[in-house]
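Subject: Structure handover

Dear colleague,

Please find the structure below. My notes on what was found in it follow directly after.

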Amino acid sequence: MTTELEGQDLDGLGEQTAEGQTTVTDICSDAAGRSMASIAEYYAGKSVLITGATGFMGKVLVEKLLRSCPEVKALYILVRPKAGQSMQQRVSDMMKCKLFDRVREDNPDFHQKIIPISSELMQPGLAISPEDVEKLTACINIVFHCAATIRFDEPLKHALQLNVIATQQLLSLAQQMHHLEAFIHISTAYANCNRKHIDEVIYPPPVEPKKLIESLEWMDDGIVRDITPRLIGDRPNTYTYTKALAEYVVQQEQDKLNIGIVRPSIVGASWQEPFPGWIDNFNGPSGVFIAAGKGILRTMRANNDAVADLIPVDVVINLTLAAGWYTAVHRPKTALVYNCTTGGINPFHWGEIEYHVMSTFKRNPLEQAFRRPNANITSNYLINQYWILVSHKFPALIYDLFLRLSGQKPQMMRIFNRLHKAIGLLEYFSNQDWEWNSENMSMLMSQLTPEDRKTFNFDVRQLNWPEYIENYCIGTKKYVLNEDMSDIPAARQHLRKLRNIRYTFNTLLVVFIWRVFIARSQMARNIWYFVVSLCFKFLSYFRASSTLTN
């Protein structure tokens, strides 16, 4: 599915779908002739509320607003204190992050625009104090709701509280805001992954959220755990299930608030901003890339020909800020949904990712690799299980035995078990394709000025995948593992050492097999000689053919 991002004919794009929702634009008449400010000009003087600001996407959103919209008035961020770390410490640590280096150069006092608000999404009213509620309702102009649990195996009650109930309570707070112009909700492209073709509409929920919340309130956690598979049905996990419910909850307020919903697919490292390859966590593909680079991951069950719908985090954030501007300025009568994906516009496949990840980590190896990077992708369950046994469990047992004999605590089997669990949660998404409609994303691009298209670029047609994957892998090395690029020669030397160890082990294994199995049996020797002679004949034929061809 190819979608053009520019030059769209907007006539008739406000028509209703079967679900009765506007697919692209439905602009209020009073906004039709309004002269449009640029995105940066719109955010000038505005007060913005951001949830999930200390998370991966939230941090990029904060940085982009401060850097590209320098006249923004204030960023209020909801922060929950963690054990052993106060709210102020968490915000201070966030602002020291390398991500903010460019902002720090332009404005060393940028931290003065960031105002933390103590909050807890698991508590009634989000645990925001009355004083802070009064402050927020008096000044906030735009809300970006990024907070959510992204764990696929989250217990249903917990996922419901964080992804649905917290969203309800934030919407309730938003309705009290006197100057609110836009409410942008970050969802996921996989909220409706039980469908193969996904339009930019909000589909009917699998269950009425209010009824589900009321039903689960009195249930014991064990009962909820037992009935969860029946509840989520053909969705793979509680994350996608609760995100679908959250979209419906947001849609119910579209008559009271100006709402936009952004649906990113698999969010990965930055493409261009603030610098290529920035990533700060092991979530999603990052952990898989690191495990492959360390030589721990040797096999993964995925379809080589399936589209790996990665989307760079800066693309998502640029689209989100543009959606906030468009929602506030044009005030669509119904909530616009933006499928923020790459598969239908600039597809890249799992097999291609495997090749580029392996080649990058061979050129720029990770320090103290367990084995040389050499992962294989297969969609066959039995082949995958064979390689798990041979390339994962058997080496882990040997290594743990070595650790025990040397008086150390065994750990490799535990690491592999965690890896298998994480990869198992991704198999649903790595073995199939989806088709996402992206007309609203195209329309939004067509509404931007040439300057805004450069500053807030979300045109994924320009994305060079091999370069992006290389930067992504190097980003995991530099920013997640905190490894120094100057140590690459030593890491390459370590890989050569591992190669020599493997060659020695294979040689000893062949000698052992010969002495124990082949040398003692005449039939085995005859079969061995026959196979070797066939190999020599094939090589001789190949050399002769090559000579004749030349």
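The structure holds 23 aromatic pairs, where a pair means rings of Phe, Tyr and Trp (its six-membered ring) with centres within 6.5 Å, counted as stacked with planes under 30 degrees apart, edge-to-face over 60 and tilted for the rest. This is a predicted model: local features need pLDDT of at least 70 and side-chain atom pairs pLDDT 80 or more, while totals for chains, interfaces and linings use all residues. Residues are numbered from 1 along each chain as its sequence is written, and side-chain values use heavy atoms, with hydrogens and water left out.

Phe370 and Phe416 form an edge-to-face pair, because their ring centres are 6.4 Å apart and their planes stand at 65°. Phe370 is in the loop between α13 (350–363) and β12 (376–378) and Phe416 is in helix α15 (residues 412–430), so the pair ties together parts 46 residues apart in sequence. Helices (H or I, at least four residues) and strands (E, at least two) are DSSP runs, numbered from the N terminus. Both Phe370 and Phe416 are buried; buried means under 20% relative accessible area, exposed over 50% and partly exposed in between (1.4 Å probe, protein chains only).

Tyr428 and Phe429 also make an edge-to-face pair, at 5.2 Å centre to centre and 75° between the planes. Tyr428 is partly exposed, with a relative accessible area of 24%, whereas Phe429 is buried at 6%.

Lys64 lies over the face of Phe456, 4.8 Å from the ring centre, and Lys98 over that of Phe275, at 5.5 Å.

Leaving aside neighbours within four places in sequence, the contacts of Tyr43 (heavy atoms within 4.5 Å) include Leu65, Phe144, Leu321 and Trp325.

Finally, helix α3: 13 of its 13 residues are buried.

Regards

Key. A charge sits over a ring if NZ of Lys or CZ of Arg is within 6 Å of the ring centre and within 35 degrees of the ring normal.
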